[in-house]
Amino acid sequence: MYAQMIKSEKSQDDPEKLAAFQQRIDDGEKIEPKDWMPEGYRKTLIRQIGQHAHSEIVGQLPEGNWITRAPTLERKAILLAKVQDEAGHGLYLYCAAETLGVSRDQLTRDLLSGKMKYSSIFNYPTLTWADMGAVGWLVDGAAIMNQVPLQRTSYGPYARAMVRICKEESFHQRQGFDIMMKMANGTEAQRKMAQDALNRFWYPSLMMFGPSDANSVHSEQNMAWKIKMNTNDELRQKFVDQTAPQAAFLGLNIPDEHLKWNEERGHYDFSEPDWDEFFDVLRGNGPCSVERMEARNKAWDDGAWVRDGLMAHAAKKKARRVAAE
């Protein structure tokens, strides 16, 4: 596979190869690991899949914070299962990225060095149990909106990984909505907690789709390659259109005075997030950015003996196999 990567780099400007590659994508074919691909396509996939994998892993932290404080044993079991799902999603995605010639160790080092990012939403704190509802309903809802189209993305291993991930994420969204419904119909204090969680997570959830299309530098090429299936603004609009009626059903108020149904457009009008805040959080200045990276660095350092042991065991097995041959 690595020889194929080198060949790809040398041939990436070959007009005939590029045209044939684009034709395969236009025809709806899946690109597989051993197929020729432009280096830009490979690097974009590594960045996108790696960021997605890191987001699944870091996303366990704000929810894991509430496992020991869940209000009932049933809620604790559900949250444990959800956090376990997120770990599995990270594994599927790291495996998909590895088919592109990058190791998960390298992806992790790139995260810890700041070279790679994870979703900005996970740099916000989960202050109350209602936040578990908001995360499931809004954050996982936004994730599903992003991820369902990726089941049709052009890179085979990524598309196949997304099938199971999307099925599990749909349960996570329902779990979150169920929490919000219980709290919105509970005591006055619970209702206030639900509204507060919605207030704090609404705009960070809108930011999950990425910057507006006008400021998205790679969107056009990624759409042509079918690495992305929809623009950021298209997905953000679809999310608002879906979520606004759900909030009304809960009897909660979305914190946007400009939110209203536009009959002429057939969509909700809404306010843009604070993009200065978005980019500031991406630079590592979010409320929990330092805490999240400290947790990931600690996990990496504490797990060194496991990685070393596994590598030593693999080396011994290889040596015995070579000797037997």
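An α-helix has 3.6 residues a turn, so residues three or four places apart point the same way. Helices are DSSP runs of H or I with at least four residues, numbered from the N terminus.

The model is predicted, with local features requiring pLDDT of at least 70 and side-chain atom pairs pLDDT 80 or more, while totals for chains, interfaces and linings use all residues. Residues are numbered from 1 along each chain as its sequence is written, and side-chain values use heavy atoms, without hydrogens and water.

Two packed helices are described by the angle between their axes and the distance between the axes. Axes are lines fitted to C-alpha atoms over the stretch in contact, and angles run from 0 to 180 degrees between N-to-C directions. Helix H3 (residues 39-58) packs against helix H8 (residues 156-184) at an angle of about 25°, with the axes 13 Å apart. That makes H3 roughly parallel to H8, the term for angles under 35 degrees. Their crossing is left-handed, meaning that the near helix is turned anticlockwise from the far one by less than a right angle. In contact (heavy atoms within 4.5 Å) are Leu45, Gln48, Ile49, His52 and Glu56 of H3 with Tyr158, Met162, Ile165 and Glu169 of H8. Five of the residues in this contact are nonpolar, two polar and two charged. Asp, Glu, Lys and Arg count as charged, Ala, Val, Leu, Ile, Met, Phe, Trp, Tyr, Cys and Pro as nonpolar, and the others, Gly among them, as polar.

H8 also packs against H11, with axes that come within 10 Å and cross at roughly 30°. Here H8 contributes Gln173, Phe177, Met180, Met181 and Ala184, and H11 contributes Gln242, Gln246, Phe249 and Leu250. Six of these residues are nonpolar, three are polar and none is charged.

The axes of helix H6 (residues 104-113) and H13 come within 10 Å and cross at roughly 145°; this crossing is left-handed. Asp105, Thr108, Arg109, Leu111 and Leu112 of H6 meet Met293, Arg296, Asn297 and Trp300 of H13.

Key: Helix = DSSP H or I, 4+ residues; strand = E, 2+ residues; numbered from the N terminus. Parallel < 35°, antiparallel > 145°, perpendicular 65-115°, else oblique.
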